[in-house]
Amino acid sequence: MNVLTANSGVFVDGFVTTLQLFGLAAVGSLLLGTLLGVLRVSPVPVCRAIGTGYVTVFRNTPLTLVFFFFVFAYPLLDIVAISYFTAAVVALTVYTSAFVCEVVRSGINTVPAGQAEACRALGLSFGQLVTAVVLPQAMRAVLPPLVSTLIALLKNTTIAAGFSVAEAGAVRSILSERGENQLVVLAWVALGFVIIVLLLTLLQRLLEKHWSVAR
Amino acid sequence: MTNALFDAPGPKARVRHGVYSVVAVLAVAAVLAFVGYRLDVTGQLDGNVWNWLQYPRIRQDLLAALGATLRAFAAGAVLALLFGAVFAAGRLSDHAVVRGVATFVVELFRAIPLLILIFFFYYGLPAAHVEMSPFTAVVAGLTLYNGSVLAEVFRAGILALPRGQGEAAYALGMRKTQTTRFVLLPQALRSMLPTIISQLVVLLKDTALGFLITYNELLYYARYLGAQPVLHRPLIPVTIVVAAMYIALNLLLSLLATYLERRNRRSSKHIGPPAVGLITVPSELG
């Protein structure tokens, strides 16, 4: 307990940064992932190919490598200088989008064909059909796996600690300089994550109860 | 599937799709061209930053680094499968105590970020006078995390089988062990295999975390090589090569998973719903 109370500032700062990373990357990857998911079911073959290519590349690349690229390699290209925090958000977004895309796509597949057929009979365009009818139902159907993806994203934010972002994973290195027992420090950090994951799981259950589609 | 979302395009739609295609291709080409242009301007395409590829010694070291990655993968995969099997059996046990302990362990290690687990073994345990090499720490972390996920995969696979299978085996007078070994597992394994292999892809990707605790794997070597002034600091070329290696390895495993899944769907021996559809999605993220 001493470790926690004596260094509460470091712990709080760390978890706040983690939650910021998580929030920004979650919003970013939900947007990009949904866009990619729509691309993957679009009538235009080239768009489908782009979506598939993106997913194939990023699902098979270690997140650490994506971080490695944005933190070490990207600055050498001299395009726009970005901070470590921005680099981490971008890396997490780019990586998680591929997984969100797959979830959204599987959700679109759960929507009965009659829905889309009815839309076409009413004369809706593909864009209208997707945004007004199919996606709202698809998103509700895939809510649990979507939240699971976000939980994985939360856990993945710790990798940013290895790339100069002072978030919860970096609490250990900060406190090791103060001579704290690292075993205890890491146990507290782990507990913090367990609590946040539990909260997200509760949220998942709650949303599932409210929004799940009865079929 | 998705073909219900749009009609077969008529003449007008074909023209419109043609326009969209051209725009999309141009957009992607523009991005790639811009990256290529930046690479060129910043001198990353010059011959001297790529020279390192010609040194036999460096190639050997690169292969050795790849070997280190694969070693961690192999050890982690075998141990995680064992861990998963043991704890899945624990979660399916008839004894409430065993079930409770197994559930607690599995849920705990699934909730802790893998990197924190690895840090725990590498930085934390020395405080308790247990020293671990980076290799052991990485393998231990991979085993606990992926083993827990695999335990859930195994359990879900067995529970997804029709109840009648187990009931019929019991009716024939088989014990629980016999039922599981001879009736449930052979069928469940068949439908779980794609999911298991997807999880192994995750495990392979996660070996890259070893980079953060100075395990001499592929990414660590890439960082080392990319900082060599003698070789003109070829960080970007090295990153490109290493990324290609990771993607190729994972793609091979992913293709195997897709192939098995397709074979499953065709097979007449396949019983029950195809594995644990929704569980694969989150777990694959690693």
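Helices here are DSSP runs of H or I with at least four residues, strands are runs of E with at least two, and both are numbered from the N terminus. On that basis, chain A has 10 helices and 0 strands. Read along the sequence, the pattern is α-α-α-α-α-α-α-α-α-α.

Some conventions before I go on. This is a predicted model, in which local features need pLDDT of at least 70, side-chain atom pairs count only at pLDDT 80 or more, and totals for chains, interfaces and linings use all residues. Residues are numbered from 1 along each chain as its sequence is written, and chains are lettered from A and ligands numbered from 1 in the order in which they are written.

Staying with chain A, its C-alpha atoms fill a box of roughly 70 × 45 × 25 Å along the principal axes. Of its 215 residues, 47% are buried, meaning that 20 or more other C-beta atoms, placed from the backbone, lie within 10 Å of the residue's own. Contacts are pairs of residues whose C-beta atoms, again placed from the backbone, lie within 7 Å. Among chain A contacts between residues at least 6 apart in sequence, 76% join residues at least 24 apart.

Now the interface. In total, 54 residues of chain A are in contact with 51 residues of chain B. On the chain A side, helix 10 gives the most, with 8 residues. By class, that side has 37 nonpolar, 11 polar and 6 charged residues. For the classes, Ala, Val, Leu, Ile, Met, Phe, Trp, Tyr, Cys and Pro count as nonpolar, Asp, Glu, Lys and Arg as charged, and the others, Gly among them, as polar.

One element of chain B deserves a slide. Helix 9 of chain B, residues 218-226, has 7 of its 9 residues buried, so it is largely enclosed by the rest of the structure. Those buried include B:Leu218, B:Tyr221 and B:Gly226. What do the buried residues of this helix pack against? They pack against helix 4 (63-73) of chain A, together with helix 3 (56-91) and helix 10 (235-266) of chain B.

Last, confidence. The model scores ipTM 0.89 and pTM 0.88. pLDDT is the predictor's confidence in each residue, from 0 to 100. Chain B averages 87, and 92% of its residues score at least 70. Over residues 273-284 of chain B the pLDDT is below 50, although this stretch has 39 contacts in the model beyond near neighbours in sequence. Where pLDDT is low, the predicted coordinates should not be read in detail.

Key: Buried ≥ 20, exposed ≤ 12 C-beta atoms within 10 Å, placed from the backbone. Contact = placed C-beta atoms within 7 Å.
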